[in-house]
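Here is a friendly note to read alongside the model you are looking at.

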Amino acid sequence: MARQIAVVTAPASLVFFKGGAKRMGRAQLLSDASLTLKVSGTKLLLSVSCRSKGSGFVSSEGSRGFEVVAMESDGQADPLSDTLPDHNSKPSDQDTPPKMKSSSRLFTIGLVASWYSSNIGVLLLNKYLLSNYGFKYPIFLTMCHMTACSLLSYVAIAWMKIVPMQTIRSRVQFFKISALSLVFCVSVVFGNVSLRFLPVSFNQAIGATTPFFTAVFAYLMTLKREAWLTYVTLVPVVTGVIIASGGEPSFHLFGFIFCVAATAARALKSVLQGILLSSEGEKLNSMNLLLYMAPIAVVFLLPATLIMEENVVGITLALARDDFKIIWYLLFNSALAYFVNLTNFLVTKHTSALTLQVLGNAKGAVAVVVSILIFRNPVSVTGMLGYALTVFGVILYSEAKKRSK
């Protein structure tokens with residue numbers, strides 16, 4: 001393996017930087033001050049900037065490997081200790097004091113709890129407003145969500161600096177984001193429409209079939225074929241929903257069609273995003289993508305609301321005169337819709353892919369149980385067995401995808 005030198009281009013004390021790999025290598029760094037790092041003799045995939053007491057990664061591409069063996073600051077090369085953990089180990093596991101480990105663990109648990117609470121909370125509140133409360137305006141409700149996402153995204157990125165702001169670099173990129181926003185609108189509106197007619201438990205069972213639609217769209221649009229075992233695992237996913245549909249006491253054909261369409265639209269957005277924003281210059285993290293998609297969604301939803309839900313603002317104000325809680329419901333629900341995206345981003349950032357996969361599968365089941373306890377909707381043994389089969393299929397699908405990579 002070629003031995004390379006890490007060059008510090010800003011004064012700093014390098015606390016941790018060690019790593020290397022034969023192919024697509026990653027080296028991890030941890031610094032006690034702001035610095036920029038380069039690895040000589042290797043083509044980097046990304047710039048490496050480390051904020052004060054932060055951490056980052058440097059990657060190489062191609063078959064040539066690299067290993068960081070020293071740092072250079074002010075012309076002096078300082079060798080790194082051979083006792084440092086290698087790049088596959090997290091510094092926090094070996095170098096972090098017990099108190100920091102504990103606080104980090106508590107922080108992650110808090111993030112996951114917030115993610116679950118916001119996801120399940122917005123789902124249940126949507127159901128309550130659109131079905132139990134009688135607020136029958138799903139397009140206007142979605143527009144409220146997108147308005148809140150626009151405003152809060154700007155506050156989080158421009159003022160609070162949660163993530164660096166990424167700019168749209170071309171008109172073509174803007175049109176690509178607009179196309180994604182339109183599909184995103186359709187998925188959210190259709191999902192909200194379905195909640196008017198279906199219980200949350202059945203809604204979640206149908207939503208679990210997203211991997212099936214993702215595989216179909218990926219094949220149709222990119223001709224990308226998965227391993228045969230991956231397609232086999234989709235059989236219980238679809239079979240489970242068919243069984244759940246047959247055993248659902250509150251089955252509603254109109255709601256079922258809209259829920260399936262919403263699930264398909266979510267999968268389509270995922271595939272389209274991979275196609276349209278695939279180049280390095282056009283990729284946006286999920287928070288910046290939401291920053292640009294949300295206001296575009298409002299532009300799409302405003303005329304749809306005015307045409308299809310005539311005088312909805314006047315009706316909402318009239319409702320508020322009798323029960324002002326509707327305003328608080330809408331405000332809280334809209335803010336919660338943004339926090340779904342924020343917590344999803346943070347949980348993705350602070351947990352592993354495997355942890356996220358397990359938590360995601362469990363979240364749907366938790367939402368089903370909580371909704372049944374709150375709304376007391378009737379369920380059947382057949383319906384629950386169908387949902388369990390679908391979730392089992394999703395787990396098998398995720399495992400098959402992981403092994404095929």
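1. Let's begin with Phe202, which is buried, its relative accessible area being 2%. Please keep in mind that this is a predicted model, so every value here is computed from predicted coordinates. Why does Phe202 count as buried? Buried means under 20% relative accessible area, and Phe202 has 2%.

2. Phe202 has a ring partner: together with Phe256 it forms a stacked aromatic pair, with 6.1 Å from centre to centre and 15° between the planes. This pair links distant parts of the chain, since Phe202 sits in helix α5 (residues 200-207) and Phe256 in helix α8, 54 residues apart. The pair counts as stacked because its planes are under 30 degrees apart.

3. A second pair to look at is Phe212 with Phe213, which is edge-to-face: the centres are 5.2 Å apart and the planes make an angle of 75°.

4. The aromatic pairs come to 17 in total. Ring pairs also link Phe190, Phe197, Phe254 and Phe258 into a cluster, which is a handy set of side chains to display together.

5. Phe202 turns up again in the lining of the largest cavity. The search of the whole structure finds 1 cavity of 30 Å³ or more, and about 70 Å³ of space lies in the largest cavity. Other residues of its lining include Ser201, Ala205, Glu248, Val368, Met384 and Tyr387. Helices α5 and α13 (381-404) each supply at least two residues of this lining. By class, the lining has 8 nonpolar, 3 polar and 1 charged residues.

6. Now to an open space: the second largest pocket, with a volume of about 200 Å³. It is lined by 14 residues, and those nearest its centre are Pro138, Ile139, Val193, Met308 and Glu309. Two or more lining residues come from each of α3 (138-159), α4 (171-197) and α8 (253-276). Which element gives the largest share of the lining? That is α4, with 4 residues. The classes here are 10 nonpolar, no polar and 4 charged residues.

7. Beyond its neighbours within four places in sequence, Leu125 is in contact with Tyr329, Phe332 and Asn333. Leu125 and Leu330 are 205 residues apart in sequence, yet their C-alpha atoms are 9.2 Å apart in space.

8. Finally, the chain as a whole. Its secondary structure comes to 13 helices and 8 strands, and 46% of its 405 residues are buried. Among contacts between residues at least 6 apart in sequence, 77% join residues at least 24 apart. The chain exposes about 21,100 Å², with carbon and sulfur atoms supplying 65% of that area.

Note on methods
Residues are numbered from 1 along each chain as its sequence is written. This is a predicted model: local features need pLDDT of at least 70, side-chain atom pairs count only at pLDDT 80 or more; totals for chains, interfaces and linings use all residues. Side-chain values use heavy atoms; hydrogens and water are left out. On a 1 Å grid over the protein atoms alone, a cavity is a set of points where a 1.4 Å probe fits but cannot get out, and a pocket is an open set with protein on both sides within 12 Å along at least five of seven lines; lining residues have an atom within 4 Å of a point. Grid points are joined across faces, edges and corners, and a volume is the space filled by probe spheres set on the points. Ala, Val, Leu, Ile, Met, Phe, Trp, Tyr, Cys and Pro count as nonpolar, Asp, Glu, Lys and Arg as charged, and the others, Gly among them, as polar. Rings of Phe, Tyr and Trp (its six-membered ring) pair if their centres lie within 6.5 Å; planes under 30 degrees apart count as stacked, over 60 as edge-to-face and the rest as tilted. Buried means under 20% relative accessible area, exposed over 50%, partly exposed in between (1.4 Å probe, protein chains only). Contact means heavy atoms within 4.5 Å. Accessible areas come from the Shrake-Rupley method with a 1.4 Å probe; for residues, only the protein chains shown count as cover.
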